[in-house]
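Hello,

Here is the structure we spoke about. Please look it over, then read my notes below.

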Amino acid sequence: MKFGIVVSEGPYQHQASDSAYNFVKAALAKGHEVSRVFFYHDGVNVGTRLSIPPQDDRQIQEQWTALGKEHDLDLVICIAAAQRRGLLDENEAKRQGKDADNIAEGFRISGLGQLIEMGIQADRTITFGD
Amino acid sequence: MSETIKKFLYVNRKAPYGTIYAQESLEVVLIGAAFDQDVSLAFLDDGVFQLTKGQDTKEIGLKNFSATYRALGDYEVTKLYVEKESLEERGLTLDDLQNIEYEDEDDDYAEKSSIRLISRAEMAEVMADQDVVLSF
């Protein structure tokens with residue numbers, strides 16, 4: 001089965017990104033494919049490399065980056081949602097005249113078309129949200 | 001873009017301005033319209049407030065995007081399912097909603113309402129009939 005995943009709530013504030021992470025891990029372990037993980041609404045905040053959670057807590061962004069690297073996952077952050085919330089990659093920071101970028105390794109910023117395309121291509125699209 | 005045509009349902013459950021869900025849902029719908037899929041929208045729970053007429057956001061400093069729903073027909077988004085029970089539970093009737101119409105090209109471009117009032121049980125059937133359900 002080919003899964004497309006939507007994460008639509010922010011990390012720590014909401015369990016959605018944790019549940020999505022656990023689901024993706026379990027699906028991959030069972031031999032399923034995850035074609036893309038699309039971060040929308042406050043879910044885009046998962047992809048900042050500047051979060052500093054307490055050391056005894058789970059490291060949500062690092063978990064996703066590691067899982068993405070291990071399985072070559074396509075972790076996509078919605079550009080429209082990201083711009084509102086201050087998530088930038090190097091190109092976008094330059095283009096918008098901002099003095100910093102903050103996107104974490106393994107994530108990429110792209111458009112909403114990637115969400116629709118994922119829905120078309122995946123056998124199942126699953127939303128983790130509120 | 002793709003030869004596959006899937007049935008997409010965008011489920012709108014939240015009031016228009018308390019959170020950003022309604023606005024960012026519309027953004028997905030508008031982008032998604034370019035993909036030539038079979039698109040429907042569902043409005044239930046507080047989501048029915050998204051379609052009410054006479055919205056005025058001046059005092060809260062937010063953008064009033066309610067007119068966008070009336071433009072959906074131009075994007076060939078013509079199926080807006082509204083749950084009857086959700087309207088009733090909030091003291092609303094169809095008269096409280098905007099007129100949202102589309103031109104039916106198969107019927108000499110007659111103007112028809114995009115709003116389809118259905119029961120909760122029928123909404124379950126609409127949902128069961130979809131390939132992709134995105135919930136906002």
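**Strands, sheet and contact**

In chain A, strand β3 (residues 75-78) and β4(A) run parallel, joined by 4 bridges. Strands here are DSSP E runs of at least two residues, helices are H or I runs of at least four, and both are numbered from the N terminus. Val76(A) has Arg108(A) as its bridge partner in β4(A).

This is a predicted model: local features need pLDDT of at least 70, side-chain atom pairs count only at pLDDT 80 or more, and totals for chains, interfaces and linings use all residues. Residues are numbered from 1 along each chain as its sequence is written, while chains are lettered from A and ligands numbered from 1 in the order in which they are written.

Now chain B. Its open sheet has 5 strands, ordered β6-β3-β2-β1-β7, with parallel pairing. Two strands pair if DSSP finds at least two bridges between them. The edge strands, β6 (115-118) and β7 (132-135) of chain B, each pair on one side only. Strand β1 (residues 7-12) of chain B is joined to β7(B) by 4 bridges. There, Val11(B) has Ser135(B) as its bridge partner.

Last, the contact between the chains. Chain A gives 14 residues and chain B gives 16 residues; residues are in contact if their C-beta atoms, placed from the backbone, lie within 7 Å. On the side of chain A that touches chain B, α5(A) gives the most, with 5 residues.

Best wishes

Terms used
Contact = placed C-beta atoms within 7 Å.
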